[in-house]
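User: I would like to learn how to read helices and a ligand site in a model. Can you take me through one?

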Amino acid sequence: MKVLITGSNGLLGQKLLHKLRVDNSVDLIATSIGENRVSEKSGYKYISLDITNKQEIEKVVFSEKPDIIINTASMTNVDVCEDKKQECDTLNVDAVKYLSDCAINIDAHLIQISTDFIFDGENGPYSEDDIPNPLSYYGLSKLKSETILLESSCRWTILRTIIVFGVAENLSKGNIVLWAKGALEKGEPLNIIDDQFRAPTLAEDLADACILSFQKAKYGIYNASGKDIMSIFEIVERIARHYNYSTKNMNRISTTTLNQTAGRPPRTGFILDKAKKELGYNPHSFEECLSIIEKQLNN
Ligand SMILES: NC(=O)c1ccc[n+]([C@@H]2O[C@H](COP(=O)([O-])OP(=O)(O)OC[C@H]3O[C@@H](n4cnc5c(N)ncnc54)[C@H](OP(=O)(O)O)[C@@H]3O)[C@@H](O)[C@H]2O)c1
């Protein structure tokens with residue numbers, strides 16, 4: 001089975017790369033924009049691919065003819081998406097159309113990653129059937145990408161996820177656990193919102209959901225987040241407790257005091273029953289995730 005990953009330099013991309021490069025049943029093609037920043041170079045072929053370039057995608061996909069395409073590349077900074085709507089659409093929407101058209105052509109299974117930000121956060125946790133109502137351009141762009149697949153005749157799976165975190169090398173952005181751990185370690189004063197609720201997701205768990213969906217040939221929409229729903233404040237508090245850092249410099253603040261460019265849904269979280277039943281998805285508890293990360297950082 002030939003699997004092509006986009007965005008292989010990113011957090012989810014790297015986790016997929018490391019899981020699949022050692023799978024003898026998989027012929028792995030890792031692609032990302034620019035040079036390969038993953039130090040392990042064996043067990044896969046790397047091709048530099050900017051997925052906003054239709055001709056480049058066609059060239060790579062039609063020559064490699066993968067059975068599976070996992071699209072992890074995306075513009076994920078919510079406030080940047082709000083300010084740069086055109087760029088956001090180019091990567092989060094147009095590229096998905098190019099990939100799905102190529103997937104039709106070679107009969108590939110396309111796996112796309114979506115987000116809890118397609119919802120307004122008034123009625124979380126959400127099931128796959130709940131009605132989206134994004135509050136941000138990022139959320140809208142990811143919803144548009146879902147619509148492209150809903151209207152496409154290719155075989156597709158959409159995995160919706162929430163705050164992805166984990167340890168990887170040479171990432172172009174941070175994630176909540178590594179950020180909070182670093183700040184708590186230094187004892188810096190931390191202002192943390194306590195009125196937004198999320199189910200943070202270990203990148204390895206999301207990678208497993210991707211792999212399960214192609215191994216089991218499951219199509220359609222699946223929720224694939226962590227299983228513990230907490231306020232952002234509680235997430236950081238649990239990180240502090242886990243690593244034995246003091247919580248005394250942690251201050252609770254509300255979302256309105258931050259004045260962020262893009263709107264954020266107050267309460268998301270996902271009902272995971274469908275993914276558990278049909279994919280066999282079994283994410284770690286947040287506590288287990290912190291132990292996994294601790295081991296990885298110690299190595
Ligand atoms: N992170 C979250 O909290 C979160 C929450 C909900 C949903 N999601 C979704 O989960 C997916 C994976 O997220 P992630 O955290 O793994 O993202 P990430 O770490 O930002 O990885 C995305 C990768 O795509 C690469 N990329 C950027 N533009 C590209 C282009 N034009 N062509 C090809 N590659 C390009 C980036 O390259 P550089 O490294 O060079 O910048 C990066 O390596 C995304 O679809 C995201 O929307 C993420």
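Predicted model: local features only at pLDDT ≥ 70, side-chain atom pairs only at ≥ 80, totals over all residues.

User: How many residues does helix H10 have, and what span does it reach?

Analyst: Helices (H or I, at least four residues) and strands (E, at least two) are DSSP runs, numbered from the N terminus. The expected span of a helix is 1.5 Å times one less than its number of residues. H10 covers residues 286–298, 13 residues in total. From first C-alpha to last it reaches 18 Å, close to the 18 Å expected.

User: Which residues of H10 are buried?

Analyst: Buried means under 20% relative accessible area, exposed over 50%, and partly exposed in between (1.4 Å probe, protein chains only). In H10, Phe286, Cys289, Leu290 and Ile293 are buried. They line one face of the helix, because seen down the axis they fall within an arc of 100°. That arc is taken from the directions from the helix axis to the C-beta atoms. The face turned away from the buried side carries the exposed residues Lys295 and Asn298.

User: What covers the buried residues of H10?

Analyst: Contact means heavy atoms within 4.5 Å. The cover includes helices H6 (176–186), H7 (203–215) and H8 (232–242). It also includes strands S7 (164–165), S10 (201–202) and S12 (230–231).

User: Is H1 mostly covered or mostly open?

Analyst: Mostly covered: eight of its 10 residues are buried. Among them are Leu11, Gln14 and Leu20. Gln14 has 3% relative accessibility, so it counts as buried. Leaving out residues up to four places away in sequence, Gln14 touches Ser8, Asn9, Val38, Ala168, Glu169 and Leu171.

User: Which residues come nearest to the ligand?

Analyst: A residue is near a molecule if one of its heavy atoms lies within 4 Å of it. Of the 27 residues around the ligand, Gly10, Arg37, Asp50, Tyr138 and Lys173 come nearest. The largest share of the shell, three residues, comes from S5.

Note on methods:
Residues numbered from 1 in each chain as written. Heavy atoms only, no water.
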